[in-house]
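Have the structure open while you read.

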Amino acid sequence: MAPRLHRFISNRFHRAHHDIQSSALYQEPIHPFTMNSSFRHDPVLAAEVVEFLSPSPGMTILDGTLGGGGHSALLLKAGAMVIGTDRDPEALAHVRMHLSAHGDRFKAVEGNFAEAPSLLAGLGVTQVHGILLDLGVSSHQLDTPERGFSFQREGPLDMRMGRSGETAADLVNTAPAAELARIFRQYGDEPRAIQFAARIVRAREKTPFTTTKELADLIAAGRLGPRHPATRVFQALRIAVNDEIGGLERALPELTAILAPGGRMAVISFHSLEDRIVKHFYRRHSVAEIDDPTWPAPRPNPERIFDLLTPRSLTASPAELDSNPRSRSARLRVVEKRGQGSVVSLSTPSGV
Ligand SMILES: C[S@@+](CC[C@H](N)C(=O)[O-])C[C@H]1O[C@@H](n2cnc3c(N)ncnc32)[C@H](O)[C@@H]1O
């Protein structure tokens, strides 16, 4: 590891207790909803991402979560070619315009990053030299009432990042109580999961839910504290509606397959469930040896593909925490793919 990077990792970052409870995504409003029509470009852990991915001319980097294009803009500025994916057509329309000055060095494709290999194959690209995932929803999605992610503003109970699939209303109006409770507990860490699920099922028998406010009011039942009682339920529904956990689990091996030897994969997660998936995947494929009580000695790990560049997750610096509240629960983990090859010596994939 380069000395600069090593210093950077060991000095700056501390292990924080970031989990659903501390997630910035659904806490106090990040900024007034009057700003809801604007895309924001304040990418989290941006300096760290650039440092690790080391973008340069000749490199092709996959930004799996384009969002407002904040990270992509920095990667492009450093001379790399960026191919981005996003499930959200609104985000894509914005980012295509925002980054159009980079011409052929930037391409954006609508789709799930879990399907990146086939999306990239459609562009004639089979290998990339860096991968970034900045998981979750964008500030723009959260702040646009019509998208239905926010319990603080009335909108349709939608929550889909893309344009297909079940909405949150479909889910809360049809899922059995046990399934709703599982979602609230597993994806939201909601202590009153069973109670809220039962309350929803009783209410929907009279009138099905159509808006965010109807659901938020039912969960709150008139009790409002510093933290809205529907915080965890909304987060859990969003994760379920978009199959965020399943998508991440499918994506990691798929993305590993298209990463060139010497290339790096950086994932920023915002709650403990997704961070744990990334951590375990990285660890499983980076430990040098595995052991078993029945073996006389440890054996080389046959699944070793990576070198782990972040033994502990990296979190935002105090300065970034001050300037960007969304960075509060962000954790970055990075690996480098082992094997022959150097990202700078690899030629640019044809067809891009
Ligand atoms: C946190 S934002 C990314 C912000 C971006 N890095 C920036 O600097 O502006 C996450 C974006 O990823 C998209 N997204 C989340 N999960 C996705 C998936 N599985 N496939 C494709 N896009 C996804 C969301 O629609 C959203 O636009």
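Helix α2 (residues 46-53) packs against helix α3 (residues 70-77) at about 45 degrees, axes 10 Å apart, which makes α2 oblique to α3. (Axes are lines fitted to C-alpha atoms, for helices over the stretch in contact, with angles from 0 to 180 degrees between N-to-C directions; under 35 is roughly parallel, over 145 roughly antiparallel, 65 to 115 roughly perpendicular, the rest oblique.) This is a predicted model: local features need pLDDT of at least 70, side-chain atom pairs count only at pLDDT 80 or more, and totals for chains, interfaces and linings use all residues. Residues are numbered from 1 along each chain as its sequence is written.

**Helix pairs**
- On the α2 side, A46, V49, V50 and L53 meet G70, H71, L74 and L75 of α3 (contact means C-beta atoms, placed from the backbone, within 7 Å).
- Helix α8 (residues 177-188) and helix α11 (residues 231-241) pack at about 95 degrees with axes 8 Å apart, so α8 is roughly perpendicular to α11.

**The sheet**
- Seven strands form an open sheet with mixed pairing, in the order β3-β2-β1-β4-β5-β9-β8 (strands are DSSP E runs of at least two residues, helices H or I runs of at least four, numbered from the N terminus; pairing takes at least two DSSP bridges).
- Strands β1 (residues 60-63) and β4 (residues 128-134) pair in the parallel sense over 3 bridges.

**Helix on sheet**
- Helix α13 (residues 272-284) lies across β5, β8 and β9, at about 25 degrees to β9.

Technical notes: Contact = placed C-beta atoms within 7 Å.
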